[in-house]
Amino acid sequence: MNSYDDKVKNRMKRIEGQLRGIIKMMDEGKDCKAVVTQLSAVRSGVDRTIGVIVSQNLQECLLEAASQDAANDSVQEAVDLLVKSR
């Protein structure tokens, strides 16, 4: 089971707050440029969070890998996760 540190959870809470702010902007009829700008910031935050989670878990997986094949599989899995997130 993976564990997620408080920094990652705080990133997600910040993103959650940004999303709530965007919904409020929409409810208030704010300009689409402002809404899209904020959505881009959320997307960027999510992308960075994915990178942090994958890199932390890759480190854990490599430390636990019993053989070179297992390490290679872990690296490939991490790369696949990053590519899929795009």
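I started at T49, which touches V8, R11, M12 and I15, leaving out residues up to four places away in sequence; contact here means heavy atoms within 4.5 Å. This is a predicted model, where local features need pLDDT of at least 70, side-chain atom pairs count only at pLDDT 80 or more, and totals for chains, interfaces and linings use all residues. Residues are numbered from 1 along each chain as its sequence is written, and side-chain values use heavy atoms, with hydrogens and water left out.

I placed T49 in helix 2 (residues 32-64); helices are DSSP runs of H or I, at least four residues, numbered from the N terminus. Buried or exposed? T49 counts as buried because its relative accessibility is 2% (buried is under 20% relative accessible area, exposed over 50%, with a 1.4 Å probe and protein chains only).

Next I looked at helix 1. Its buried residues are V8, I15, I22 and M25. Down the axis of helix 1 they fall within an arc of 90 degrees, so they line one face; the arc is taken from the directions from the helix axis to the C-beta atoms. On the face turned away I found the exposed D6, K13, R20, K24 and D27.

Then I checked the largest nonpolar core: I15, I22, M25, V35 and V42. Such a core is a set of buried Ala, Val, Leu, Ile, Met, Phe, Trp, Tyr and Cys residues joined through side-chain atoms within 4.5 Å. Helix 1 gives the largest share, 3 residues. I also noted that M25 contacts K30, A34, V35 and Q38, neighbours within four places aside.

Last, just after helix 1, I saw G29 with a positive phi of about 70 degrees.

Definitions and conventions:
Helices (H or I, at least four residues) and strands (E, at least two) are DSSP runs, numbered from the N terminus.
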